[in-house]
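Thanks for making the time this morning. I would like to walk you through one model, starting with how a single chain is put together and ending with where two chains meet.

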Amino acid sequence: MPAISLQNIAKSFGETRALAGASLHCELGEIHAIVGENGSGKSTLAKIISGVALPDAGKVDVLGHAPTTPAEAIAAGISTIYQEIMVAEELTVWENTFAGTDGLWRRKTTTAEKKRLARETLLRLAEVDIDPDTPVSALPLSVKQWIVIARAVLQKPKLLIFDESSAALDLEATNRLHKEMLALKEAGSCVLLVTHRIAELVKITDSATVLSDGKTVGRLEKSEITEKNLLRLMSADERHSAAGKRENSVISTAHKPALEACNVQLAANAWPLDFKVHAGEIVGIAGLDGAGQSEFVSILAGITPAPAGKVQVWGASTVSHEITSLADAEAAGITYVSGDRKKEGLFPNLSILENFGLALYDRMASRFGVIDRTQLSAAFDDEELRLSIKYGDRSDKITTLSGGNQQKVLIARAFALSPKVIILNDPARGVDIGTKQDLYTHLRDFASNGGAVVYLSTEIEEFLNFADRADVFFEGGIFASFDQGAITEDNLLAAMFGQTKPIVFDEDTGTEGVA
Amino acid sequence: MLSNRLSHLWVPLGLVLILGIMAAVRAPQTFTYVGLAGALLVAAPLILAAVAITPIAIAGRGGVDLSIGPLIGFVNVTIVVWLSENGITHPILVFAYAILAACAWQMLLAAFIIFVRISPIIASLAGFMILQGVNLVILSRPGGVAPEWLGNWGWGTELLSPVLYILLAAFAIWFLFQRTAMFQHIRLMGADERTAYTSGVDIIKARFAAHLMAGVFAGLAALCLTGLIGSGDPTQGNTLTLQAITALVLGGTSLAGGKGGITGSVLGAVAMYLVFVVLSSFNFGAISGFMTQLLYGLMLVFALLVALVTTAPRTRAA
């Protein structure tokens, strides 16, 4: 029996056509992937399978059903892990883990049992022991992600849909996730994976459907799933190779740095950190989840004040300004782009143009506070061209765009401020390879025109051929710093685990590790 | 964990204790047998109104039921005009009518919120105005006579009175309801509706259920009000809306949804009653009513500030 059979699915949101002629077929007992660029309709297709979105046209058969609500899908044995992490922040770990599992009035599991299972499952999956009565709002993003995964896995689904979910997890966690997916496959279930991580695809999927512009453009079987084939089908391969090359640049460190951190401590008794980024330099920041790198970039960007030490910019060679607030950062020309779009970037109720322009309102307003719409539109035109943003109409809500295109709007907002320093916190989360390459090209242009870039990423392969320097965080401090020539996967990975020499993995974890 | 879940009760509990001591000093007659019986009678409609709007607030979407006051007034005037004047006075019939009528209204409100997608505050604001008008059409000025057995509640000389039993029954109903999976669904929906929807909760039924519970308690509140005044009054209920919302907020139930319970609402209502008692013991004469309003407002601001100060650092640290 086929697990999923979709034929000629079409779906539009407002003027944006998400799907037009998408088909997909996969069997029970296999891991199938949906691949495609941003805005190619992957997430929409996943939402149709899980009953969140209804197709405008086409035939849906998922485990013999055509679910019209998530409740129906769940009843049919379909569990979905959505791109956005669906948790109720105010409620506890166990309440979130078992959300929606009870009957309408009756509990199917006792509360004590739920607490026990939630604790046990999270211990197994996330390898952290959490009191199931902890409110979710107190937990880091990666644990929230695991709660959502636990919720789906505990339902013992016949079909499990992962929508780019491993993006919030670090390397080791991704490996545990793979184990979980393989176990489901062994048990005869089907796993549907929506991902941008090519390495992941090559390693664990049995077959893949490739989407482009809302249409199925190809299907690959196990032996055909290679990076080359995928990129060829996604039509991003040219850009990939073109942007991959980079000339060695010489950064003048004789001048004062564009942004500097002196003796910053992330916690009361953490290592003091020193950090510098010069004009024209791209500095990569890496680390395992919770090693302090996210906190550090927040401090650099002026979002959270440093608990100890100071962050400063140099106006002239002798005058420095300390950055302790967002206002300081803005005055100093520092902008911040977050990969957590939902929380730290988007105004979901506003239009694409408003989301782009709201940081510019101050500059583009006349003396009496009236915004110059023409100037704003022109600025949007520039950035839209530069980043090739795909949208229906600029007055559409930002939420009509795909995740990758939303991210492009946020990056456009940052570029339009013409900053001196741009700080990015995992901007490529949930973004396809084509957009990533576009982004790298723009950042490099920005740097060669005298800007400074701080780029935090959860995927270390992003730094290769891109960063001038990579600083690796470990246990709340900068553990190692690598110059352009020394930025290799082995070096970075070793440093992330606190090793001074590249570690030799046993074969099992090694191959997946460095992919 | 327990302390965490009940932390929102510290402020209303503190208020009740402080005001209780003040009342005991200023108006010691409140704490006699007859005094308590009277207090229970007078406070019951507000307590039940505050309890009624609690499940709706927990269900989220900024669900404040503004129509609660006129709804209680509606049941009050219709008991007097439609039932009592037509000789329908049997307790079972009157109880059934009160609860069913209030539930029917709440179902209507829920249907508008769910299917027409009107925000709850607008839907219930419209309901507030409509019912206010309807009540005056049914009974243009206070009058009529409640069924005799119900009117007799108004003597308020016995502590072990039907009003006490109704309150106890309301607590029992809530206690049982709180243990159902449905309550959990409502909490989840209130805390994050999208998470609830995507994890398979039937959010339509959950919202209906929250309003249904509100209907049951609103019906009981109307019976207590009718017993208290012994007649029909088309405007008496209206003031209950703002008082009930004040009690709800004092009790720590979040208007953002997902958080709270009736214990807080009850404590909030009791605190408001005690303010009234304490103020009555001073001789403000004609402006006493204004002073009560003023103090309700100040108390609300104070309670929210205290809650902010006591809970903010803890969430930050976590």
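**Fold, domains and chain contact**

What you have on the screen is a predicted model, and I will begin with chain A, where, among the contacts between residues at least 6 apart in sequence, 68% join residues at least 24 apart. That chain has 515 residues, of which 47% count as buried, and its secondary structure comes to 18 helices and 19 strands.

Turning to the domains, chain A is divided into domain 1, covering 2-243, domain 2, made up of 253-333 together with 420-515, and domain 3, covering 341-418. If we take the centres over C-alpha atoms, domain 1 of chain A and domain 3 of chain A are separated by 30 Å, and the contact between these two domains draws on nine residues from domain 1 and 12 residues from domain 3.

Let me now move to the second chain. How many residues of chain B are in contact with chain A? There are 22 of them, and they meet 22 residues of chain A. On the chain B side, the elements that give two or more residues are helix 9, at 181-191, and helix 10, at 193-198, with helix 9 of chain B giving the most, namely six residues. Sorted by class, this side of chain B, the one that touches chain A, has nine nonpolar, seven polar and six charged residues.

Note on methods
Residues are numbered from 1 along each chain as its sequence is written. Chains are lettered from A and ligands numbered from 1 in the order in which they are written. This is a predicted model: local features need pLDDT of at least 70, side-chain atom pairs count only at pLDDT 80 or more; totals for chains, interfaces and linings use all residues. Domain bounds come from an automatic or database domain assignment. Two residues are in contact if their C-beta atoms, placed from the backbone, lie within 7 Å. Helices (H or I, at least four residues) and strands (E, at least two) are DSSP runs, numbered from the N terminus. Ala, Val, Leu, Ile, Met, Phe, Trp, Tyr, Cys and Pro count as nonpolar, Asp, Glu, Lys and Arg as charged, and the others, Gly among them, as polar. A residue is buried if 20 or more other C-beta atoms lie within 10 Å of its own, exposed if 12 or fewer, and partly exposed in between; C-beta atoms are placed from the backbone.
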